[in-house]
Amino acid sequence: MQLFVDVGRYCRLIYEAIRSSTEFSMYRKNIISEMIKTGYDSLPIIILAGFFTGAVMTIQTSYQLVAGFIPPSTIGAIVSQSLLIELAAVISALVLAGRVGARIATELGTMAVSEQIDALESMGFNSVTFLVMPRVLAGVLMFPVIYVAAAVAGIVGGLLASILTGSLTVADFMLGARQVFSPADVSFGVIKAFVFGYIITSISCFKGYFATGGAEGVGQATTQAAVLSCIYILVADFVLAFLLL
Amino acid sequence: MIEIKNLTKSFGSNLVWEDVSLTIEEGETLAVIGKSGSGKSVLMKHLNVLLYPDSGEVLIDGLNVFEIRYARLRKMRQQFGVLFQGAALFDSITAYENVAFPLRFFSDLSEKQIHERVMESLELVNLADIGTKSPAELSGGMRKRVGLARAIVMKPEYLLYDEPTSGLDPQTSDEINDLIISMADTLDITSIVITHDMHSVLRVADKVAFLDKQKLSWYGTVDELRVSDHPELKAFVKASEYTI
């Protein structure tokens, strides 16, 4: 029963956010600050995660493809395509489910339990327009940018790992990457990042906005936001792969 | 004028109160008293439609607030200033910005005019020099006064106070009571004070509504309260260790 209540409240929250999206003057300032918090502030951890994912994947792929008849450029092809299609989007989304999702749920949860959301409504604000809309919009706009950063960092990591281990040359790596590169792969990754951005920000806004019960309630909302975001990212990843590949 | 007619509210199977009816005249100060959990704050949140009832009406100048559309409701809410129990200040901005906040979005005032209005409100609550501090740097009493300054900055017709003196020492409580009286007198505002502080009730209120046993158990003037032999009301007053 609670599941149906939650789904109804979530749909209503998102409907209200979309319906009120025309009140741009209300959330104009918030959207800039949210884009900075969600996108720019996340870049260091995303670049780090992407870099090491690419590096480790290069080392592991080199280890697995030891047969002499497989050209070394295959490693570059596998690593770069895997990063573009899957890993850059999913790894960054899972990292940001914790970083961005937890921040949003905690911020809104604290506002909810300390009556700051009631205060906004009392003053005549539409609290959904003011709080939810800029966060979700910043998520869907900035996650594709984050995806690109993660993919580039991953490829750089892969290149450096290939140099350090001596398993293949930079020329081999780039040859393989160029051979399999397709703009459709990047489009697929961008679509994924867009969807993941929506999932993380909307679920975290929902959990935070409806948090109750003081500090413990905020803690629960934050945990649920991070966990649910991860689950739905994995489900959405499967659905998108099934539909688009 | 605010008219509450046959209001009933429950959360799931828990009845908060039923069939509550009372009238708050222009310029009047009504204190709503009752034990913790009697639904005082719930009643207050129906006046500016932060909550909807199971049945009944709240009429503001004859208009049923539960029937108006959301866009109009938001306009109507600007007739109310609300001082929340914990002040509900936005902790990411300064005290000054908290007071200026509604003006920046809902007025056409210039920055100079906004500054004048904010300072005017802060001076009314005796906090003219507090502006640059963040809410975290303020004491409980100061937070409530900044909350009150924010509540009056849009020059509302009605002021709702949710437990304005709870958690404050007696001296600070008296300062807040003085402010409530001052707001009603100088700004000619209709006030609704949610409290269980009998000292505050007797100082600030014109009329008193007592919520008990899931209903409006008693309603009358402060003078009538002083001589009332209503058993639950007398017990409540006695338990608050206040001698009338």
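The axes of helix H3 (residues 95-106) of chain B and helix H5 (residues 140-152) of chain B come within 8 Å and cross at roughly 25°, where axes are lines fitted to C-alpha atoms, for helices over the stretch in contact, and angles run from 0 to 180 degrees between N-to-C directions. Helices here are DSSP runs of H or I with at least four residues, strands are DSSP runs of E with at least two, and both are numbered from the N terminus. The model is a predicted one, in which local features need pLDDT of at least 70 and side-chain atom pairs count only at pLDDT 80 or more, while totals for chains, interfaces and linings use all residues. Residues are numbered from 1 along each chain as its sequence is written, and chains are lettered from A and ligands numbered from 1 in the order in which they are written.

H3(B) passes H5(B) in a right-handed crossing; a crossing is right-handed if the near helix is turned clockwise from the far one by less than a right angle, and left-handed if anticlockwise. On the side of H3(B), the contact is made by Ala95(B), Asn98(B), Val99(B) and Phe101(B), and on the side of H5(B) by Val146(B), Ala149(B) and Arg150(B), with two residues taken to be in contact if their C-beta atoms, placed from the backbone, lie within 7 Å. By class, this contact has five nonpolar, one polar and one charged residues, where Ala, Val, Leu, Ile, Met, Phe, Trp, Tyr, Cys and Pro count as nonpolar, Asp, Glu, Lys and Arg as charged, and the others, Gly among them, as polar.

Chain B as a whole is divided into domain 1 (1-79 + 157-244) and domain 2 (89-155), with bounds that come from an automatic or database domain assignment. The C-alpha centres of domain 1 of chain B and domain 2 of chain B lie 25 Å apart, and 11 residues of domain 1 are in contact with 10 residues of domain 2. On the side of domain 1 that touches domain 2, the largest share, five residues, comes from helix H6 (residues 170-186) of chain B. That side of domain 1 has seven nonpolar, three polar and one charged residues. Elsewhere in chain B, Glu25(B) has its place in the loop between strand E2 (14-24) and strand E3 (29-34). With 12 C-beta neighbours inside 10 Å, Glu25(B) counts as exposed (12 or fewer other C-beta atoms, placed from the backbone, within 10 Å of its own; 20 or more for buried, and partly exposed in between). The C-alpha atoms of Glu25(B) and Leu211(B), which are 186 residues apart along the chain, are separated by 19 Å.

The secondary structure of chain A comes to nine helices and zero strands, and the C-alpha trace of this chain spans about 70 × 35 × 30 Å along its principal axes. Of the 245 residues in chain A, 49% are buried. Among contacts in chain A with a separation of 6 or more, 89% are accounted for by residues 24 or more positions apart.

Two helix pairs of chain A may be described in turn. H3(A) and H6(A) pack at an angle of about 40°, with their axes 6 Å apart, which makes H3(A) oblique to H6(A). H3(A) passes H6(A) in a right-handed crossing, and the residues of their contact divide into 18 nonpolar, 10 polar and no charged. Ala49(A) is placed in helix H3 (residues 43-64) of chain A and, with 22 C-beta neighbours inside 10 Å, counts as buried. Leaving aside residues up to four places away in sequence, Ala49(A) touches Ile91(A), Ser92(A), Val95(A) and Ala150(A). For the second pair, the axes of helix H6 (residues 127-165) of chain A and helix H7 (residues 170-180) of chain A come within 9 Å and cross at roughly 145°, and this crossing is right-handed. The contact joins Ile155(A), Gly158(A), Leu159(A), Ser162(A) and Ile163(A) of H6(A) to Val170(A), Phe173(A) and Ala177(A) of H7(A).

Between the two chains, the contact takes 11 residues from chain A and 15 residues from chain B. Helix H5 (residues 116-123) of chain A provides the largest share of the side of chain A that touches chain B, namely six residues.

Technical notes: Parallel < 35°, antiparallel > 145°, perpendicular 65-115°, else oblique.
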